[in-house]
Amino acid sequence: MIIQYFTGTPDGEIEAVRAKLRDWGFRVQFNPGELGASPEERIQVDNVFGNVKDEHRVSIGEVDCVKQVIPVEGVPQNLSLVRRGHRATVTLPNPHGMKAGQGPVEIGAGRPLVVMAGVCAVDAEYTLASHRMAKDAGADLNRGGAFKPRTSPYDFQGLKEDGLKLLAEVRAEVGLPIVSEILDVRDIDLFMKYDVDVLQTGTRNAQNFELLIEVGRTGKPVLYKRGFSNTMDESLKAANYVMEQGNDNLIFCLRGVKGIGHSFRNQGDLDEIVSLSHLIDRPIVYDVSHSAGRKSAVRAIGDMAAAGGADGILLDVHVSPRHALVDGFQAIDTEAELAPMIARWRQLRELTQPVG
Ligand code: PEP
Ligand code: MN
């Protein structure tokens with residue numbers, strides 16, 4: 001629920017309400033306040049997280065200094081658009097890119113489209129060239145998998161720690177922040193050791209609650225991929241595990257779902273960009289490679305995602321797709337192809353999204 005206090009309520013009275021809420025076991029977050037009509041009203045709003053029931057709402061509603069109690073239903077409150085009243089931005093720090101003159105990247109409302117491009121699986125031979133190519137073409141982040149979730153145990157599983165090391169070395173050369181998928185809570189320390197800038201949780205771990213909790217606790221930005229066999233409600237609730245750890249840096253990524261009657265690798269879920277942008281305040285990224293799974297579809301699907309309101313686009317690139325260890329068939333391989341795509345996606349965002 002959200003509590004709005006009367007303007008001018010003394011701090012002591014507000015603190016008494018908060019103490020009662022904490023007694024009940026709720027987490028209270030002062031909202032520096034963007035609800036309410038006038039500047040005076042805006043500053044006195046609390047977000048209350050927990051298993052809030054009608055009797056709690058009624059009891060708090062009866063306190064003199066409480067102007068109104070707003071129930072939040074459906075979407076978890078941490079992600080809900082009603083929490084701030086507008087869509088959020090997340091800052092992706094770039095401590096390792098400073099030398100190369102690259103600053104932090106901001107993703108979300110009012111910001112330019114953010115492109116995350118890199119190899120599906122990190123390899124020793126081509127990752128540097130591929131990530132440089134992505135940067136030269138206009139990408140803001142490099143993605144690269146060191147731990148790969150594979151359907152078959154006989155398939156290549158990623159270079160693991162060596163892959164993270166390579167990724168960090170390549171980052172030092174290229175200067176862009178990196179995003180990499182973590183599969184297991186046991187690897188958290190490794191991801192911290194190599195200071196991976198954005199932790200990705202994959203579709204196969206969409207309801208791995210222990211992993212989501214631990215990843216949330218790191219405080220790092222998290223790219224949460226929706227579950228390919230989960231309802232949207234289940235995925236939003238799972239993503240809430242990350243934010244419930246006090247981590248406000250969640251980015252929600254769509255990547256297609258299992259479906260029927262589609263000819264691509266997954267059934268696209270582009271329409272969810274539109275739906276979610278009216279429900280959640282989180283930045284929304286669309287993965288154009290894993291949804292379609294086909295190189296020839298990347299440009300057009302990216303056009304649709306950018307025009308539809310995605311705040312970011314994620315894609316696979318590789319300078320020598322036939323040597324790619326995973327997913328070469330869906331990778332964009334040249335700057336000549338990628339640069340105009342990215343430029344066009346950015347134009348489409350500018351045309352359709354208000355930029356602040
Ligand atoms: C990936 O991004 O490399 C990946 C495996 O994605 P997903 O979890 O969406 O399949
Ligand atoms: Mn891939």
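How many bridges join strand β1 to β4, and in which sense do the two strands run? Four bridges join strand β1 (residues 2-5) to β4, and the pair runs antiparallel. Two strands are taken to pair if DSSP finds at least two bridges between them. Helices (H or I, at least four residues) and strands (E, at least two) are DSSP runs, numbered from the N terminus.

The model described here is predicted: local features need pLDDT of at least 70, side-chain atom pairs count only at pLDDT 80 or more, and totals for chains, interfaces and linings use all residues. Residues are numbered from 1 along each chain as its sequence is written, chains are lettered from A and ligands numbered from 1 in the order in which they are written, and side-chain values use heavy atoms, with hydrogens and water left out.

Strands β1 and β4 belong to an open sheet of four strands, ordered β2-β3-β1-β4 with antiparallel pairing. Its edge strands, each pairing on one side only, are β2 (27-31) and β4 (66-70). From one strand to the next the twist averages 20°.

Helix α1 (residues 11-23) lies across β1, β2 and β3 (45-49), and runs at about 160° to β1. Axes are lines fitted to C-alpha atoms, for helices over the stretch in contact, and angles run from 0 to 180 degrees between N-to-C directions. Valine 17 is part of helix α1. With a relative accessibility of 4%, valine 17 counts as buried; buried means under 20% relative accessible area, exposed over 50%, and partly exposed in between (1.4 Å probe, protein chains only). Apart from neighbours within four places in sequence, valine 17 is in contact with Ile3, Tyr5, Ile60, Val63 and Cys65, where contact means heavy atoms within 4.5 Å. Valine 17 and isoleucine 3 are 14 residues apart along the chain, and their C-alpha atoms are separated by 9.8 Å.

**A parallel strand pair**

Strand β9 (residues 178-181) and β10 pair in the parallel sense over three bridges. In this pairing serine 180 stands opposite leucine 199 in β10. Strand β10 (residues 198-201) directs Val198 and Gln200 one way and Leu199 and Thr201 the other way, and all are buried.

**Helix packing**

Two packed helices are described by the angle between their axes and the distance between the axes.

| Helix pair | Angle | Axis distance |
|---|---|---|
| α5 (residues 127-136) and α6 (residues 161-174) | about 40° | 10 Å |
| α8 (residues 209-217) and α9 (residues 232-243) | roughly 35° | within 7 Å |
| α12 (residues 298-308) and α13 (residues 335-352) | about 20° | 8 Å |

The angle of about 40° between α5 and α6 makes α5 oblique to α6. Angles under 35 degrees count as roughly parallel, over 145 as roughly antiparallel, 65 to 115 as roughly perpendicular and the rest as oblique. The contact is made by Thr127, Leu128, His131, Arg132 and Lys135 of α5 together with Leu167, Val170, Glu173 and Val174 of α6. These residues divide into four nonpolar, two polar and three charged. Here Ala, Val, Leu, Ile, Met, Phe, Trp, Tyr, Cys and Pro count as nonpolar, Asp, Glu, Lys and Arg as charged, and the others, Gly among them, as polar.

For α8 and α9, whose axes cross at roughly 35°, the contact involves Phe209, Leu212, Ile213 and Gly216 of α8 and Ala238, Tyr241 and Val242 of α9. By class, this contact has six nonpolar, one polar and no charged residues.

With an angle of about 20°, α12 and α13 are roughly parallel to each other. Val298, Arg299, Gly302, Asp303, Ala306 and Ala307 of α12 meet Met341, Arg344, Trp345, Leu348, Arg349 and Thr352 of α13. The contact of α12 with α13 has six nonpolar, two polar and four charged residues.

**Residues with positive phi**

Lysine 160 has a positive phi of about 55° although it is not a glycine. Lysine 160 is located in the loop between β8 (142-143) and α6, and is partly exposed, with a relative accessible area of 39%. Aspartate 327, likewise a residue other than glycine, has a positive phi near 60°. The loop between β14 (312-316) and α13 holds aspartate 327, which is buried at a relative accessible area of 10%.
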